[in-house]
Amino acid sequence: MSTPLTQNYFWWTSLEAGEYQPTWTNNVDISSPGGNLSHVGPVLSGGSGPEMGVRTESSQSGKSSLLYSGSSQRGAAVHAYLKAFASTPTRKADRWRWIPGTTSQSI
């Protein structure tokens, strides 16, 4: 595993029991500079839109991971901004976006 470029963390979580958990699950971020939701639906039928939340998975260590999923419904501007962690004066959460075919970016 590589070392992050910046190591002045305000907080961190491995999402395991007893550690900081997401404030929201499956919640579209409509606040500025959020991008809301455009032409993104559920991956599996029965859902109402994209998903984000803690799931139990097999991994190198621990059992928890953060799932983010959605399915393009074909449109001119396909995107989904979902909320996960709340910011506080002592805990600042970055916003990350992923655009298919690119690397993730902090915004």
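Reading from the N terminus, the elements of this protein chain go β-β-β-β-β-β-β-β-β-β. That gives us 10 strands and 0 helices. Please keep in mind that what you see here is a predicted model.

Let me stay with the whole chain for a moment. There are 107 residues in the protein chain, and buried ones make up 18% of them. The accessible surface comes to about 8100 Å², and carbon and sulfur atoms hold 53% of that. Now, if we take the contacts with a separation of 6 or more, 61% of them join residues 24 or more positions apart.

So where do we look inside? The largest nonpolar core has 5 residues in all: Leu-15, Met-52, Leu-82, Ala-84 and Phe-85. I'd like to walk you through two of its members.

Let's begin with Ala-84. You will find Ala-84 in the loop between strand E8, residues 82-83, and strand E9, residues 96-97. Is Ala-84 buried or exposed? Its relative accessible area is 11%, so Ala-84 counts as buried, the cut-off being under 20%. And which residues does Ala-84 touch, if we skip those up to four places away in sequence? They are Pro-22, Thr-23, Trp-24 and Met-52. Here is one more distance for you: Ala-84 and Asn-27 are 57 residues apart along the chain, yet their C-alpha atoms are separated by 7.7 Å.

Next comes Met-52, another member of that core. Setting aside neighbours within four places in sequence, Met-52 is in contact with Thr-25, Asn-26, Leu-66, Leu-67, Tyr-68, Leu-82, Lys-83 and Ala-84. Two names there, Leu-82 and Ala-84, also belong to the core.

Lys-83, one of the contacts of Met-52, has something else to show us. What does the charged end of Lys-83 sit over? The ring of Trp-24, with 4.5 Å to the ring's centre. Trp-24 is also among the residues that Ala-84 touches. As for pairs of aromatic rings, the count is 1.

Notes:
Residues are numbered from 1 along each chain as its sequence is written. This is a predicted model: local features need pLDDT of at least 70, side-chain atom pairs count only at pLDDT 80 or more; totals for chains, interfaces and linings use all residues. Side-chain values use heavy atoms; hydrogens and water are left out. Helices (H or I, at least four residues) and strands (E, at least two) are DSSP runs, numbered from the N terminus. Buried means under 20% relative accessible area, exposed over 50%, partly exposed in between (1.4 Å probe, protein chains only). Contact means heavy atoms within 4.5 Å. Accessible areas come from the Shrake-Rupley method with a 1.4 Å probe; for residues, only the protein chains shown count as cover. A nonpolar core is a set of buried Ala, Val, Leu, Ile, Met, Phe, Trp, Tyr and Cys residues joined through side-chain atoms within 4.5 Å. Rings of Phe, Tyr and Trp (its six-membered ring) pair if their centres lie within 6.5 Å; planes under 30 degrees apart count as stacked, over 60 as edge-to-face and the rest as tilted. A charge sits over a ring if NZ of Lys or CZ of Arg is within 6 Å of the ring centre and within 35 degrees of the ring normal.
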